[in-house]
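Hi everyone, thanks for making time for this. Please open the structure on your screens, and we will walk through it together.

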Amino acid sequence: MTLPVLYSLRNCPYAMRARMAIYASGQQVHLRDLVLSDKPAEMLQASPKGTVPVLITADEKVIDESLAVMLWAFTQSDPQHYLDASKPAALDDMLKLINLFDSEFKGHLEKYRSSKRYHEPSLTEDRQQCERYLVELESRLTLHQYLMSDKPSLADLALVPFIRQFGRVERQWYLQAPYPKLRQWLNSYLQSRMFSKVMTQYPMWLDTKQDIVFSRTT
(Lines give C-alpha, C1' and ligand atoms only; values in the text may rest on other atoms or scores of the structure.)
Protein backbone atom coordinates (compact mmCIF):
# COMPACT_ATOMS: atom_id res chain seq x y z
CA MET A 1 0.00 0.00 0.00
CA THR A 2 1.28 3.46 -0.89
CA LEU A 3 1.19 5.74 2.13
CA PRO A 4 0.52 9.49 2.00
CA VAL A 5 3.63 11.66 2.26
CA LEU A 6 3.83 14.47 4.82
CA TYR A 7 6.49 17.16 4.48
CA SER A 8 6.95 18.63 7.93
CA LEU A 9 9.08 20.85 10.13
CA ARG A 10 9.40 19.67 13.71
CA ASN A 11 8.91 22.98 15.54
CA CYS A 12 6.50 24.68 13.13
CA PRO A 13 3.15 25.02 14.97
CA TYR A 14 1.18 24.45 11.78
CA ALA A 15 3.05 21.24 10.99
CA MET A 16 2.80 20.26 14.64
CA ARG A 17 -0.98 20.38 14.69
CA ALA A 18 -1.15 18.44 11.45
CA ARG A 19 0.97 15.67 12.99
CA MET A 20 -1.21 15.69 16.11
CA ALA A 21 -4.32 15.11 14.02
CA ILE A 22 -2.66 12.34 12.03
CA TYR A 23 -1.64 10.67 15.29
CA ALA A 24 -5.08 11.09 16.92
CA SER A 25 -6.92 9.81 13.85
CA GLY A 26 -4.74 6.70 13.61
CA GLN A 27 -3.57 7.47 10.08
CA GLN A 28 -0.16 6.41 8.76
CA VAL A 29 2.03 8.68 6.63
CA HIS A 30 5.57 8.75 5.33
CA LEU A 31 7.06 11.65 7.30
CA ARG A 32 9.71 13.77 5.59
CA ASP A 33 11.28 16.22 8.02
CA LEU A 34 13.02 19.25 6.58
CA VAL A 35 14.53 22.63 7.34
CA LEU A 36 13.13 25.73 5.65
CA SER A 37 16.56 26.73 4.35
CA ASP A 38 16.75 23.49 2.36
CA LYS A 39 13.38 22.58 0.89
CA PRO A 40 13.10 19.39 -1.15
CA ALA A 41 12.45 19.92 -4.85
CA GLU A 42 9.74 17.27 -4.60
CA MET A 43 7.86 19.36 -2.05
CA LEU A 44 8.19 22.59 -4.05
CA GLN A 45 6.95 20.85 -7.15
CA ALA A 46 3.87 19.70 -5.27
CA SER A 47 3.31 23.02 -3.46
CA PRO A 48 5.29 25.98 -4.89
CA LYS A 49 4.45 28.24 -1.94
CA GLY A 50 7.06 26.30 0.04
CA THR A 51 5.45 26.21 3.47
CA VAL A 52 4.73 23.22 5.69
CA PRO A 53 2.84 21.07 6.20
CA VAL A 54 2.35 19.57 2.74
CA LEU A 55 0.48 16.30 2.48
CA ILE A 56 0.43 14.27 -0.73
CA THR A 57 -2.30 11.66 -0.44
CA ALA A 58 -2.12 8.13 -1.79
CA ASP A 59 -4.08 9.27 -4.85
CA GLU A 60 -1.64 12.21 -5.30
CA LYS A 61 -3.91 14.99 -4.10
CA VAL A 62 -1.89 17.86 -2.58
CA ILE A 63 -3.10 19.40 0.69
CA ASP A 64 -0.91 22.29 1.82
CA GLU A 65 -2.88 24.00 4.62
CA SER A 66 -2.55 22.65 8.15
CA LEU A 67 -6.24 22.78 8.99
CA ALA A 68 -7.07 21.00 5.73
CA VAL A 69 -4.56 18.27 6.64
CA MET A 70 -6.24 17.90 10.04
CA LEU A 71 -9.68 17.63 8.46
CA TRP A 72 -8.35 15.11 5.94
CA ALA A 73 -7.02 12.96 8.77
CA PHE A 74 -10.26 12.94 10.73
CA THR A 75 -12.45 12.37 7.70
CA GLN A 76 -10.39 9.25 7.03
CA SER A 77 -10.87 7.99 10.57
CA ASP A 78 -12.13 9.58 13.77
CA PRO A 79 -12.25 6.84 16.41
CA GLN A 80 -12.27 9.32 19.32
CA HIS A 81 -14.83 11.66 17.71
CA TYR A 82 -12.64 14.76 17.41
CA LEU A 83 -15.09 16.18 14.87
CA ASP A 84 -18.06 15.39 17.12
CA ALA A 85 -20.01 14.37 14.03
CA SER A 86 -23.13 13.48 16.04
CA LYS A 87 -23.83 17.20 16.63
CA PRO A 88 -24.73 19.10 13.43
CA ALA A 89 -23.23 22.46 14.49
CA ALA A 90 -20.16 21.12 16.31
CA LEU A 91 -17.69 21.38 13.43
CA ASP A 92 -18.82 24.90 12.52
CA ASP A 93 -18.35 26.00 16.13
CA MET A 94 -14.84 24.50 16.20
CA LEU A 95 -13.89 26.15 12.92
CA LYS A 96 -15.09 29.56 14.15
CA LEU A 97 -12.85 29.31 17.23
CA ILE A 98 -9.90 28.08 15.18
CA ASN A 99 -10.37 30.88 12.66
CA LEU A 100 -10.42 33.47 15.44
CA PHE A 101 -7.03 32.30 16.64
CA ASP A 102 -5.57 31.77 13.16
CA SER A 103 -6.69 35.14 11.82
CA GLU A 104 -6.36 37.36 14.91
CA PHE A 105 -4.50 35.82 17.84
CA LYS A 106 -1.59 34.58 15.72
CA GLY A 107 -0.76 38.12 14.56
CA HIS A 108 -0.76 39.43 18.13
CA LEU A 109 1.35 36.45 19.22
CA GLU A 110 3.98 37.22 16.58
CA LYS A 111 4.16 40.85 17.76
CA TYR A 112 4.48 39.68 21.36
CA ARG A 113 7.27 37.24 20.50
CA SER A 114 9.08 39.91 18.50
CA SER A 115 8.77 42.42 21.34
CA LYS A 116 10.38 39.99 23.75
CA ARG A 117 13.13 39.06 21.30
CA TYR A 118 14.06 42.67 20.51
CA HIS A 119 13.33 44.14 23.97
CA GLU A 120 10.61 46.44 22.66
CA PRO A 121 8.88 48.79 25.13
CA SER A 122 5.51 47.54 23.85
CA LEU A 123 6.03 44.08 25.38
CA THR A 124 3.32 44.40 28.06
CA GLU A 125 0.83 45.93 25.65
CA ASP A 126 1.48 43.21 23.09
CA ARG A 127 1.01 40.53 25.72
CA GLN A 128 -2.27 42.10 26.81
CA GLN A 129 -3.52 41.97 23.22
CA CYS A 130 -2.94 38.21 23.31
CA GLU A 131 -4.61 37.89 26.68
CA ARG A 132 -7.96 39.02 25.29
CA TYR A 133 -8.12 35.67 23.53
CA LEU A 134 -6.79 33.66 26.47
CA VAL A 135 -9.66 34.94 28.63
CA GLU A 136 -12.05 33.26 26.20
CA LEU A 137 -10.21 29.94 26.51
CA GLU A 138 -10.00 30.14 30.30
CA SER A 139 -13.75 30.75 30.41
CA ARG A 140 -14.43 27.71 28.24
CA LEU A 141 -12.14 25.52 30.33
CA THR A 142 -13.94 26.59 33.49
CA LEU A 143 -17.09 25.05 32.03
CA HIS A 144 -15.58 21.81 30.76
CA GLN A 145 -12.32 19.87 30.52
CA TYR A 146 -11.59 20.78 26.91
CA LEU A 147 -12.33 23.79 24.73
CA MET A 148 -15.61 22.57 23.28
CA SER A 149 -16.81 20.00 25.82
CA ASP A 150 -15.49 17.34 28.19
CA LYS A 151 -14.00 15.53 25.20
CA PRO A 152 -10.98 16.61 23.13
CA SER A 153 -11.76 18.04 19.71
CA LEU A 154 -10.25 19.38 16.52
CA ALA A 155 -10.16 22.81 18.15
CA ASP A 156 -7.99 21.63 21.04
CA LEU A 157 -5.36 20.15 18.73
CA ALA A 158 -5.43 23.18 16.43
CA LEU A 159 -4.74 25.65 19.26
CA VAL A 160 -2.25 23.71 21.42
CA PRO A 161 0.90 24.66 19.44
CA PHE A 162 0.11 28.38 19.56
CA ILE A 163 -0.74 28.47 23.26
CA ARG A 164 2.52 26.57 23.79
CA GLN A 165 4.34 29.34 21.92
CA PHE A 166 2.63 31.99 24.04
CA GLY A 167 3.61 30.30 27.28
CA ARG A 168 7.26 30.20 26.28
CA VAL A 169 7.64 33.95 25.61
CA GLU A 170 7.71 35.10 29.25
CA ARG A 171 7.81 31.81 31.08
CA GLN A 172 7.81 33.17 34.65
CA TRP A 173 4.94 35.55 33.94
CA TYR A 174 2.93 32.79 32.29
CA LEU A 175 3.34 30.40 35.24
CA GLN A 176 1.80 33.00 37.58
CA ALA A 177 -0.80 34.40 35.16
CA PRO A 178 -4.53 34.12 36.03
CA TYR A 179 -5.13 31.24 33.63
CA PRO A 180 -4.86 28.08 35.76
CA LYS A 181 -7.33 26.08 33.66
CA LEU A 182 -5.46 26.97 30.48
CA ARG A 183 -2.14 25.88 32.00
CA GLN A 184 -3.68 22.61 33.16
CA TRP A 185 -5.16 22.02 29.69
CA LEU A 186 -1.88 22.77 27.92
CA ASN A 187 0.18 20.66 30.32
CA SER A 188 -2.11 17.69 29.76
CA TYR A 189 -1.13 17.79 26.10
CA LEU A 190 2.56 18.59 26.57
CA GLN A 191 2.94 15.64 28.94
CA SER A 192 1.00 13.22 26.74
CA ARG A 193 2.32 10.28 24.75
CA MET A 194 0.84 11.92 21.66
CA PHE A 195 2.92 15.07 22.04
CA SER A 196 6.05 13.10 22.81
CA LYS A 197 5.57 11.12 19.61
CA VAL A 198 4.68 14.21 17.55
CA MET A 199 7.84 16.01 18.73
CA THR A 200 10.24 13.11 18.16
CA GLN A 201 13.32 14.29 16.29
CA TYR A 202 13.87 12.32 13.10
CA PRO A 203 16.74 12.52 10.59
CA MET A 204 16.27 15.13 7.87
CA TRP A 205 14.76 13.49 4.81
CA LEU A 206 17.17 15.17 2.40
CA ASP A 207 20.09 13.68 4.32
CA THR A 208 18.85 10.09 4.16
CA LYS A 209 16.04 9.96 1.56
CA GLN A 210 14.49 7.36 3.84
CA ASP A 211 10.81 7.79 4.64
CA ILE A 212 9.82 7.43 8.29
CA VAL A 213 6.46 5.78 8.89
CA PHE A 214 4.64 8.07 11.32
CA SER A 215 1.52 6.93 13.13
CA ARG A 216 0.19 6.27 16.62
CA THR A 217 1.50 2.72 16.54
CA THR A 218 4.95 3.10 14.96
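Let me start with a question: which residues does Leu159 touch, not counting residues up to four places away in sequence? The answer is Leu97, Ile98, Phe101, Leu137, Leu147 and Trp185. Touching here means contact, that is, heavy atoms within 4.5 Å.

A quick word on where these values come from. This is a predicted model, where local features need pLDDT of at least 70 and side-chain atom pairs count only at pLDDT 80 or more, while totals for chains, interfaces and linings use all residues. Residues are numbered from 1 along each chain as its sequence is written, and side-chain values use heavy atoms, with hydrogens and water left out.

Now, the core. A nonpolar core is a set of buried Ala, Val, Leu, Ile, Met, Phe, Trp, Tyr and Cys residues joined through side-chain atoms within 4.5 Å. Buried means under 20% relative accessible area, exposed means over 50%, and partly exposed is in between, using a 1.4 Å probe and protein chains only. The largest nonpolar core has 58 residues, and Phe105, Leu157, Leu159, Ile163 and Trp185 touch the most other members. Several elements supply at least two residues each, including α1, β2, α4 (90–117), α5 (123–143) and α8 (180–190). The element that gives the most is α6, with ten residues. When I say helix or strand, I mean a DSSP run, H or I over at least four residues for helices and E over at least two for strands, numbered from the N terminus. Apart from this core lies another one, of eleven residues, with Leu34, Met43, Val52 and Val54 among them. As background, nonpolar side chains in soluble globular proteins tend to be buried together.

Let's stay with α8 for a moment. Its buried residues include Leu182, Arg183, Trp185, Leu186 and Tyr189. Why are they on the same side of α8? They cover an arc of only 165 degrees around the axis, where the arc is taken from the directions from the helix axis to the C-beta atoms. Among the elements covering these buried residues are α1, α5, α6, α7 (171–176) and α9.

Next, please find strand β2, residues 29–33. Four of its five residues are buried. Strand β1 (residues 5–8) runs parallel to β2, and four bridges join the two; strands count as paired if DSSP finds at least two bridges between them. Leu6 has Leu31 as its bridge partner in β2. From β1 the chain passes through helix α1 (residues 13–25) to β2, in a right-handed β-α-β crossover. Right-handed means that, with the strands pointing away from the viewer, the path from the first strand over the helix to the second runs clockwise. Strand β5 (residues 212–214) also pairs with β2, antiparallel this time, through three bridges. Look for His30 there, opposite Val213 in β5.

That brings us to charges. A salt bridge is a side-chain nitrogen of Lys or Arg within 4 Å of a carboxyl oxygen of Asp or Glu, and by this rule there are nine. One of them joins Arg32 and Asp211, with the closest N and O atoms 2.7 Å apart. Arg32 lies in strand β2 and Asp211 in the loop between α10 (205–208) and β5, so the pair ties together parts that are 179 residues apart in sequence. Arg32 is buried, at 13% relative accessible area, whereas Asp211 is partly exposed, at 29%.

Within helix α5, Glu136 and Arg140 sit four residues apart, about one turn of the helix. They form a salt bridge, again with closest N and O atoms 2.7 Å apart. Elsewhere, salt bridges with shared partners join Lys106, Glu110 and Arg113 into one network.

Leaving aside neighbours within four places in sequence, Gln165 is in contact with Pro13, Lys106, Leu109, Glu110 and Arg113.
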